[in-house]
Every structure is written in C-alpha cells, then in structure tokens.
Amino acid sequence: MSGCHMRSIAILRETCSAFERRAPLTPRHVARLVAEHVAVVVQPSTQRIYTDAEYLAAGATINEDVSRATTLFGVKQVPIALIEQMPGATFAFFSHTIKGQEASMPLLDACIRNGVRLIDYECIRAAGASSGQRLVGFGELAGKAGLINGMRGLGLRLAALGHETPLLGLLPAYQYGSYAEACAAIRVVGERIAAGGLPPSVSPLTIAIHGTGNVGRGALHALRHLGDDVLSVVKTPAALAHVAGESASHRVFAVVLSATDVVMPLEPGAPFERAEYYAHPERYRPVLHELLSSISLLIHCAGWDMRYPRLLTAAQLATSAAAAREAGLPHAKLQMIADVSCDLPGALESLVRTTTSRAPFYIYDPVAAAERVCPAGGSGATEMRGIRAIWRRPLPVCTVARRFVDKLAHICRPARHLRRRRPLWIASRSMGGCDHVRRRAHAKV
C-alpha cells in the first residue's frame, strides 16, 4: 500500500433521509487533514450542505469508490451493503445501537459478521470515561429544531381543534436555510402574539422544556426569540401552574424541568438526591403527570433508558384528558409533545415510533394506548383523547464537533493493524442500557 493510502479516510454520502444535509467533516476540516498527509475521498452528493467543488478545492478526491479508505465517516447509519463490502474497515457514524435499538440490530450484526471497528459518535466522551462529557453531538441543534417543530405542531393541532394562532406561521425546521432565518420566523410569531394575542380558549400558552443539558439549552435558546415582551420563563413548575390559571392572551410562559421536577423518592418525605437517582432509579417514581394541567406543549429533551421509571404513561395522559372533560373544558391543556430525545421505548409512553420530515406528527390516543390513524381534525369526545406527538429533525447546517477533527490523523490508521482486536468495538464501557447489546455482540464474536 502506498504511503498516501497508509492514512486515508472517506466521507460517505448520506442515505437515511432525503432531507439529511449534514456532513461529518467540513471542507475546512478536510484541508487540515490533507495538510497532515491524510488522503480524503468524498462520495459525490448533491444533497450535502457542502458542494463537491468545495471539498475538491480543499484537497479531497471526489469518487464513488471508497474501498481504499481505511476509515469511513458518515453522519447517520451507513448501508449494510457497504459494511459487507468493507470487512475489517473502521466506520464512524451515529449507529443508534448503543441502547439496543431493535431497528439497528441488523446493522450491528453486519458489523460483527464482517469484523469492522465501529466508532459511535454518541460514545466518544472526555477522558474515555462513560460518564465524561460527550465530545461529538448535535444536541443543541436538535433542541432548537425540536422547539421549532414542536411549536409548529402545536399550531397545527390547535387549528384542527378550531383555534387559529400565530404558530401556524412557522415552517418545518428543515425548510429554513439557517438557524438565523428560523429565529427571525419565531420573532415574527412573538410580534403577532404581542399585537393580536392568542384565542382565550388556549390562553395562556405554556411550554415545559424537560432537560437541562445541551438539547434543553438549545430549545430554550430558540424559544427566547419570541421576545422578552411576550415570553416569561418562570423558575418552578408551581409558578407555571399559577400563571396557567390566568387569562394572559398576549403572553407565553415557559419553565425548564430538571430531574427533581419529574420524579420523587418512593420513600415518603425523603429528599431527592441526584446521585442516588442515577445509581438507583428504582427508588423513585414519576410525578410529571401532576403538571399536565399546566402545560400546552411539552418538549422532552432528556435522555432515558430502561433502568429509569417511565415519566409519563398512557394511563396518566388519559386521566388528564378525563379530568379536563369533567371540568367542562373542550379538551385537555396538553395538546403537543415534542420528544426530541426519541429513546424507544421512550420515557413517554406516547412515543410509539419515530417520525420523518415528510410526516413529522402522529395522533396518540392514550385511552387505547396506541397511535390513532386519522386526519388531524375531528370533533367531539374522540378528538379530546388525542395528543399529537413529534420526533426531532436536526437543522441542515451542522457538522461533527470540531475537537474531534484534531484526533482524526491519529485514528485513521490502516485496518490491518486492528485485525487482532475484537471484531467489533463500540466506544463505550458501561453506558446505561447497553449491557444487552454487548452480550449480543459477545455471543456473535
């Protein structure tokens, strides 16, 4: 193998979604790698946010054939056929396997079967520790996109129930050319609420963002573009419950929920201890359902796995809807859930599947504990049982964390040096929920 191919990488074309425009590396990153004598081949794509010409100018080769690369980078899952064609190679992408996601098990099997080394971006953490800070991710951008789509979904849902609101002016997140353009659209929504108000039947509009990490911060950052004259962020769920009873049609209220707001110890009177909750989640019970009468839109931004209590069940949603009917209300307060985390089976039982950019919403019937196939509109008691749910879609302009690029020249070594290692390496040690994935991997090796 010639020297120029001793260290070589490929940037793969994305195939998971027609709306996927992200790239694992920018042309600027490619230029840095080429300067360090790393050969870069890029699969041609007219869908990617960066053009082939930009990569070519940065020193990359544009070629459909990536077979000479020893390390191949994508954003989302790569085709299994490519895994089969590249035994022993190293792949880096979001595999969606670390939590045992059933839909990705065939991909994991293919990696094991072909002895590839799989580097999952989700598991690249500071100091190599499972508890360390994630170094690669789109969390903040996912939160921003989830907030945009969630507000749009709420507008559509309220319109189906007969309530016209300025939220209908929002487009799907992927249709904005940049985050700045999306923020400008949110500001327009805020201006229209300030000028004309919201229908009394849905006022005040209240939004709860669950999660204080990157995703939650991103959602709050986008929401703040409604403007300070319209948006009030309260500090506690109790404060949100207080304002939810007011008739404030020209205001929007929001609260950020942390773990201490959505679960409490099983032992009466015991204080919430964060370390104990993460170590022994079985000692806690969910209380999120107690807040539903105060929330119009729930943005779920916190990670979850099977060790933790389910935060919101179908029965709890049904009870909330029934309480609204008994109070003589036309429908329950909560009419939209944007589950940005999208961990299946989810912390929220209403998350029964992921969605797509083409069909981002579905109606969930908590009484039947299942998705209800029907138009967005409707009337009567049946409609009161429905809650619209959404899955996140990232904004188009985002790339893998810059800090990771500094390490590429070192990890892009030939695959033949790895043959004596385990055929599969998932970059993790003890992340919650992946024990059964590792057992399956060991059984296959």
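Biologist: Which ring does the charged end of Lys-144 sit over?

Modeller: In this predicted model, the charged end of Lys-144 is placed over the ring of Tyr-179, at 4.1 Å from the ring centre.

Biologist: And what lies over the face of Phe-138?

Modeller: That is Arg-22, which is 4.3 Å from the centre of the Phe-138 ring.

Biologist: Let us turn to salt bridges. How many does the structure hold?

Modeller: The structure holds 9 salt bridges. One of them joins the side chains of Arg-353 and Glu-371, with an N to O distance of 2.8 Å.

Biologist: Where in the chain are Arg-353 and Glu-371?

Modeller: Arg-353 belongs to the loop between β13 (336-339) and β14 (361-365), while Glu-371 is in strand β15 (residues 370-372). The two residues are 18 residues apart, and the pair links distant parts of the chain.

Biologist: Is Arg-353 buried, partly exposed or exposed?

Modeller: Arg-353 is partly exposed, with a relative accessibility of 30%. Glu-371 is also at 30% relative accessibility and counts as partly exposed.

Biologist: What about Asp-365, which residue does its side chain meet in a salt bridge?

Modeller: The partner is Arg-372, with 3.7 Å from N to O. The limit for a salt bridge is 4 Å.

Biologist: Why does Asp-365 count as buried?

Modeller: Asp-365 counts as buried because its relative accessibility is 3%, and buried means under 20%. Arg-372 is buried as well, because its relative accessible area is 15%.

Biologist: Then Arg-283, what does its side chain pair with?

Modeller: Arg-283 meets Glu-276 in a salt bridge, at 3.1 Å from N to O. Arg-283 is partly exposed at 39% relative accessibility, and Glu-276 is partly exposed with a relative accessible area of 28%.

Biologist: Changing topic: how many aromatic pairs does a search of the whole structure find?

Modeller: The search gives 11 aromatic pairs. Among them is the pair of Phe-272 and Tyr-284, which is edge-to-face, with 5.6 Å between the centres and 75 degrees between the planes.

Biologist: Which parts does that pair tie together?

Modeller: Phe-272 is in the loop between β10 (263-265) and α10 (274-279), and Tyr-284 is in strand β11 (residues 284-286), so the pair ties together parts that are 12 residues apart in sequence.

Biologist: Are Phe-272 and Tyr-284 buried or exposed?

Modeller: Both Phe-272 and Tyr-284 are buried.

Biologist: Which residues do ring pairs link into a cluster with Phe-272?

Modeller: Ring pairs link Phe-272 with Tyr-277, Tyr-278, Tyr-284 and Tyr-308.

Conventions: Residues are numbered from 1 along each chain as its sequence is written. This is a predicted model: local features need pLDDT of at least 70, side-chain atom pairs count only at pLDDT 80 or more; totals for chains, interfaces and linings use all residues. Side-chain values use heavy atoms; hydrogens and water are left out. Buried means under 20% relative accessible area, exposed over 50%, partly exposed in between (1.4 Å probe, protein chains only). Helices (H or I, at least four residues) and strands (E, at least two) are DSSP runs, numbered from the N terminus. Rings of Phe, Tyr and Trp (its six-membered ring) pair if their centres lie within 6.5 Å; planes under 30 degrees apart count as stacked, over 60 as edge-to-face and the rest as tilted. A charge sits over a ring if NZ of Lys or CZ of Arg is within 6 Å of the ring centre and within 35 degrees of the ring normal.
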